[in-house]
Amino acid sequence: MRPRGFTILEVLLTVTIIALLGVLAGYRFYRVLEYTDLDSTAQRLLCMARYGRLLAAEHHRPSVLHLDMDQGRYWLTSRGIETVQVGEFEPPVEQVVDDVYIRPGRLPGKLRFIKAQVEGQGPQSRGPVAIEFRPDGSAQAALIQIASDRKIYTLLIYPWTARAELQARPVNELPLETQDLENTGRTGPMILE
């Protein structure tokens, strides 16, 4: 009796099946990483918008969320305190916020800004965008959309309260609703002049 081993055909078939399973697993892993990048970047932008609102109210001076749509960069600035010298006035200087809580960032991998719109301006898909948070607790109404190949997040910034909200879907209208403080259940459109 002859000892039986594996034929070359059986070995090649086994290696091919293992390679196909590895490719499928790698593709799924890549998609999970892409969604994780999108989720974490959207959360960072949300935190940055909320921090901009907090800085403006706490320090009684505007802060601005900046986007560079072409380079995929984003950062927050806050105006420094004016210094008055004898007979001179130095205008406030915008300082990039880079501390324990917020750091300037760049969109990772294949993520991209697909649309941004600020109150009083049309939708943009290129160039710089700046969203101002005011010391009185308000902000410019804005929406920012970031996307991967298959998923879109929209960051909404409401004008009267500067509240930032993240939605896992495309939104195409600015959040221009106001709330009647006397009748807290009713909302209506904001009139822009």
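Predicted model: local features only at pLDDT ≥ 70, side-chain atom pairs only at ≥ 80, totals over all residues.
**A helix, its strands and their cores**

Y51 is buried, because its relative accessible area is 15% and the word applies to values under 20%. Y101, by contrast, counts as exposed, because its relative accessibility of 64% lies over the cut-off of 50%.

Of its 193 residues, 36% count as buried. Among the contacts between residues at least 6 apart in sequence, 53% join residues that are at least 24 apart.

How many aromatic pairs does the count give? The count comes to 2 aromatic pairs. One of them is formed by Y51 and Y101, whose rings are 5.9 Å apart from centre to centre, with 45 degrees between their planes, an arrangement described as tilted. This pair links distant parts of the chain, since Y51 belongs to helix α1 (residues 8–59) while Y101 sits in the loop between β5 and β6, 50 residues apart. The rings of Y74 and F113 also pair, with their centres 6.5 Å apart, and the pair is edge-to-face because the planes stand at 90 degrees, an angle over 60 degrees. Y74 lies in strand β2 (residues 73–79) and F113 in strand β7 (residues 112–118), so this pair ties together parts of the chain that are 39 residues apart in sequence. Both Y74 and F113 are buried.

In soluble globular proteins, nonpolar side chains tend to be buried together. Here the largest nonpolar core has 33 residues, and the members that touch the most other members are L67, F113 and I146. Two or more residues come to this core from each of the elements α1, β1, β2, β7, β8, β9 and β10, with α1 giving the most, 9 residues. When its neighbours within four places in sequence are left aside, I146 is in contact with a set of residues including L38, T41, A42, L45, F113 and Y153. There is also a second, separate core of 5 residues, among them L143, L156, Y158 and V171.

The ring of Y158 has the charged end of R163 sitting over it, 4.3 Å from the ring centre. L143 has its C-alpha atom 9.0 Å from that of E119, although the two residues are 24 apart along the chain. E119 has its place in the loop between β7 and β8, and it counts as partly exposed because its relative accessibility is 21%, a value between the limits of 20% and 50%.

The strands themselves are joined in an orderly way. Strands of a sheet pair through backbone hydrogen bonds, either parallel or antiparallel. An open sheet of 4 strands has the order β7-β9-β10-β11, with antiparallel pairing; its edge strands are β7 and β11, each of which pairs on one side only, and the twist averages 15 degrees from one strand to the next. Within this sheet, 6 bridges join β9 to β10, and the bridge partner of A142 in β10 is I157.

Another antiparallel pairing brings strand β1 (residues 63–68) together with β8 through 6 bridges, and in it H66 stands opposite A130 of β8. Which residues of β8 lie on its covered face, and which on its uncovered one? The covered face carries V129, I131 and F133, while P128, A130 and E132 belong to the uncovered face.

Two residues in loops complete the picture. H60, in the loop between α1 and β1, has a positive phi of about 55 degrees although it is not a glycine. A162, in the loop between β10 and β11, likewise has a positive phi, near 60 degrees, and is also a residue other than glycine. Are these residues buried or exposed? H60 is exposed, with a relative accessible area of 64%, whereas A162 is buried, with a relative accessible area of 1%.

Technical notes
Residues numbered from 1 in each chain as written. Heavy atoms only, no water. Buried < 20%, exposed > 50% of the residue type's maximum accessible area, 1.4 Å probe, protein only. Pairing = 2+ DSSP bridges. Phe/Tyr/Trp six-rings, centres within 6.5 Å; stacked < 30°, edge-to-face > 60°. Lys NZ or Arg CZ within 6 Å of the ring centre and 35° of its normal. Core = buried A, V, L, I, M, F, W, Y, C linked by side-chain atoms within 4.5 Å. Contact = heavy atoms within 4.5 Å. Axes fitted to C-alpha atoms, helices over the stretch in contact; angles between N-to-C directions.
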